[in-house]
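Please read the points below beside the model, taking each in turn.

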Amino acid sequence: MQNDEEKLNIENKDINNSSNLDEPKKVIKNIFIVVFGNICTILAGVLVGFLIPKIMQNGDSTIDYGFYKIYTLYFGYIGLFHFGFCDGILLMFAGKKYEDLEKEKIRCYTKFFIIFQFIISLFILIPSIFYINTEYGFIFLFIGINLFSGNITEYYQQICQATGRFKELSLRNIIKALLNSIIIMVLFILWKISVIDYLKFQIYIYCVTFVGWAITIWYIFNHRDITFGKSIKIKDALPMIKKFYIIGIPLLISNFVSNFILNIDRQFVSILFPTETYATYAFAYNMLQLITTATGAISLVLFPTLKRFSEDKLKNHYNYFISIVIMFVGLCLISYFPLYVIVIHWLEGYSSSLPIFQIILPGLILSSTINMIMFNYYKALGKSTIYFINSLIILLLSIAADFVAYFVFKTTLSISIASVIVMVLWYFITDIYLVKKWKINTIKNFIYIALIITSFLLSTYLISNIYLSGVIYLICYIIISFIFYFKLIKNKFKFSE
């Protein structure tokens, strides 16, 4: 599997060199385009994060929100069911221009994938029909329905990412955010004027399904030139389709293992604790997602860019990219303080999620660095298999740590602490391969991360006044950042001496 990726990198070398995406101004422009779409997603996420939990609360019960978050937890695994096809598309066409794609071949790939996903969806949908009257039966019925639309959307998104059509990705985020915002505001008004006592999770899943299918239909219409019309025969396309799976499966598995490491503690809580307990635990991650959406733009644009770097250039920029990300995410930790105030005064029923949020939030610096920089580096170097092996070791450690935390302490807080400890190990194991390969020193970055996390935890635990603790953390962040990365900050902002 590793050799296939290395061959692919060689095959795409000339294509990548000719692409205009490696121009610095173009890369920055693409990041800002995606950031703008992600800002719209964040604004809609604020509504989802703080209005939906409120109107789903039935008296003191948060069980409906718990079932909705169980739906989103399992829906997060639908990407497994394209079996690497979409990842193969990304790897194969990364760096190409959309106009240069051989349309008759792409149309065949599209038709094959649509038929394939329809069949896969039926395997989940049909058994779920017999349990439609139960909460889990309903949840998996709609996972089956939305698996089709979700993976078809993923297919078109990977083509957009590979060919540098970032405006389309941004526009998709804007449309989705707009639809979500309209639906949430309507539901909130209906709740406010007492038309509905509370929002049942089934109703909101109907709404989410409508938005998902609307986006899929938009993508199909927008890419009708590679969906409809004359195409080659599937039998003639089979060798290339097989290649998509062969080169895509290692990346798919690596992505799955990475996501499972990040989700394993939620999986434990959803199984071992009551649904209402899971609701508050999942709410902490819901707040975390607001920040990960903000950082997603960098990862999206970075991989096509790194594929066009020589190995020397990758080596020289490794510490630079990490320092940018850890400073940015370190600044994002300041969001804890306004979110704390909102939860205390607006969502009292979910206040028990705050200690969990306090623990998992600083771990975001580690997970963001791994997923946004290190993983993209492994992909660009054709070393996804090595990344997979390392991540598999971490997954086993994570499962063991969560088991120990549960059986010893039997609290959700202990499970969240265990997940952060494992995150530190994951950072070291992922980083050490590149350190040994290139004989570079990355200890400065880790010391910075350790100081930022320590500053955050001390300011939030030792200072009871939330406003004062926020100011103290911000001051610590500024001082530490200037001590460690003064030259970088000076060059970026052109401070005069």
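1. Leaving aside neighbours within four places in sequence, Lys 54 is in contact (heavy atoms within 4.5 Å) with Trp 191, Trp 346, Leu 347 and Glu 348. Lys 54 is placed in helix α4, residues 52-56, where helices are DSSP runs of H or I with at least four residues, numbered from the N terminus. Lys 54 has a relative accessible area of 19% and therefore counts as buried, a word that means under 20% with a 1.4 Å probe and protein chains only.

2. This is a predicted model, in which local features need pLDDT of at least 70 and side-chain atom pairs count only at pLDDT 80 or more, while totals for chains, interfaces and linings use all residues. Residues are numbered from 1 along each chain as its sequence is written, and side-chain values use heavy atoms, with hydrogens and water left out.

3. The axes (lines fitted to C-alpha atoms over the stretch in contact, with angles from 0 to 180 degrees between N-to-C directions) of helix α11, residues 234-272, and α17 lie 8 Å apart at an angle of about 5°. The two helices are therefore roughly parallel, the term for angles under 35 degrees. By class, their contact has 17 nonpolar, 6 polar and 2 charged residues.

4. Helix α16 (residues 364-380) and helix α17 (residues 384-409) have axes that come within 7 Å and cross at roughly 135°.

Terms used
Buried means under 20% relative accessible area, exposed over 50%, partly exposed in between (1.4 Å probe, protein chains only). Angles under 35 degrees count as roughly parallel, over 145 as roughly antiparallel, 65 to 115 as roughly perpendicular and the rest as oblique. Ala, Val, Leu, Ile, Met, Phe, Trp, Tyr, Cys and Pro count as nonpolar, Asp, Glu, Lys and Arg as charged, and the others, Gly among them, as polar.
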